[in-house]
Amino acid sequence: MFTRRSFIKTSALATAASFVNANSIFAQKNKIRNLTGNNRMQLTYRPYNLQLKHPFTVSGYTRTTTPIVLTEITYDGVTGYGEAAMPPYLGESQASVIAFLEKINLKQFSNPFELDDILTYVDKIAINNTAAKASVDIALHDLVGKLMGQPWHALWGYTATKVPFTTFTIGIDTEDEVRKKTLETGPFKVLKVKLGVDEATDKMLINTIRSVTDKPIRVDANQGWKDKHYALKMIEWLSERKVEMIEQPLPKHNLEDMAWLTDQSPLPTFADESCQRLEDILGLQGVFSGINIKLMKCTGMREAHQMITLAKTCDLKLMIGCMTETSCAISAAAQLSPQMDFADLDGNLLITNDLFSGAKFSNGKVQLNNEPGIGVNIL
Ligand code: MG
């Protein structure tokens, strides 16, 4: 007979049984995880070559591909994506990035939320290797954001709608090609032009662009001007042609002349090659008007976030730049862009074989989405 007493007894037994079962499943799951190491972070990586839509020339050389290394960090069934992009002039290669990543042992850390300790450890493995370090930093940020269910711009408290217009870069080319490329920049509200070859070429580039559009131009001399008086003369010429700013006019170590030039310049000056990492910023106070932060130079999102704070303290303006890279690294950089005065995030638009969807270009801006981490999905 099924009495109230036996019902309570049966229910208690059933509850106890399910409790034991749940506990034992949990214990079993943990046991399996400990045996296989699945509750530890796993870092994997592979080389990949980006194909450029147009051969790309900056002062010095031309190229049609960019080597990158793709990274993944998996924890508890969730995967974060990262990337190292290595334009050849920066000294890293797929081989050097992979050699660096092979030295990393993430199994010594309990979980990805130890992000600060993990990235401090990664930074200390060897000097330089900044793109390799960024590939770990980006994957780890993506993973942690996904585990928290929030995008990084939200975790940092940035307003997503405050992203600035981004530039589209027109490389050094013939007059006909420059005119053609300029006419293809319809959706972009601001152009970026690489100067620094010689005076005739530089002026031809600007005059050709100005013959077809009056969009604001931002100029990057890539250290191409060697003399401060010549640089000032060029900047004055540019300032009369709706140019908004000048990036790295002089060689990177020539800070004394650079301070003079910034003082005289009618346009704001920005450090790119002169500003790699956080430690460079204090020395650039009063030397440039602002700095160009790139994840591949500064080891990634953690340090870039610190650089924003320090640069603001030093009254330096801020710009976020990129290499030719997939939507993975672009979306990571975009997380910081609400804090920027200028953005130059066209790297994913210059390639034909992107592997990710993420922050998308529209209305002249790289727009943030609300997906967690860095907001990317594999295509
Ligand atoms: Mg530059």
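**Helix packing and a magnesium site**

Helices H7 and H8 are roughly parallel to each other (angles under 35 degrees count as roughly parallel, over 145 as roughly antiparallel, 65 to 115 as roughly perpendicular and the rest as oblique). What you're looking at is a predicted model, where local features need pLDDT of at least 70, side-chain atom pairs count only at pLDDT 80 or more, and totals for chains, interfaces and linings use all residues. Residues are numbered from 1 along each chain as its sequence is written, and side-chain values use heavy atoms, leaving out hydrogens and water.

Back to that first pair. The axes of H7 and H8 (residues 228-239) come within 12 Å and cross at roughly 15° (axes are lines fitted to C-alpha atoms, for helices over the stretch in contact, with angles from 0 to 180 degrees between N-to-C directions). On the H7 side you'll find Glu199, Asp202, Lys203, Ile206 and Asn207, and they meet Tyr230, Lys233, Met234, Trp237 and Leu238 in H8 (contact means heavy atoms within 4.5 Å). That contact of H7 with H8 brings together five nonpolar, one polar and four charged residues.

H7 (residues 199-212) also packs against H6 (residues 175-183), this time at an angle of about 45° with the axes 9 Å apart. H6 and H7 are therefore oblique to each other. Here Glu175, Val178, Arg179, Thr182 and Leu183 of H6 meet Met204, Leu205, Thr208, Ile209, Ser211 and Val212 of H7. Sorted by class, the contact of H6 with H7 has six nonpolar, three polar and two charged residues.

Val97, Phe100 and Leu101 in H2 touch Ala132, Lys133, Ser135 and Val136 in H4, and the contact of H2 with H4 counts five nonpolar, one polar and one charged residues.

Now for the metal. Asp220 (OD), Glu247 (OE) and Asp272 (OD) coordinate the magnesium ion at 2.1 to 2.2 Å (donors are N, O and S atoms within 2.8 Å of the metal, or 3.2 Å for Na, K and Ca). Along the sequence, these donor residues follow the spacing D-x26-E-x24-D. Aspartate 220 sits in strand S6 (residues 217-220), while aspartate 272 is in the loop between strand S8 (269-271) and strand S9 (290-293), so this pair, 52 residues apart, links distant parts of the chain (helices, H or I, have at least four residues and strands, E, at least two, as DSSP runs).

How far can you trust all this? The chain's mean pLDDT is 90, and 89% of its residues reach 70 or more (pLDDT is the predictor's confidence in each residue, from 0 to 100). Residues 1-37 are another story: pLDDT stays under 50 there, and the model has nine contacts beyond four places in sequence for them.

Definitions and conventions
Nonpolar A, V, L, I, M, F, W, Y, C, P; charged D, E, K, R; others polar.
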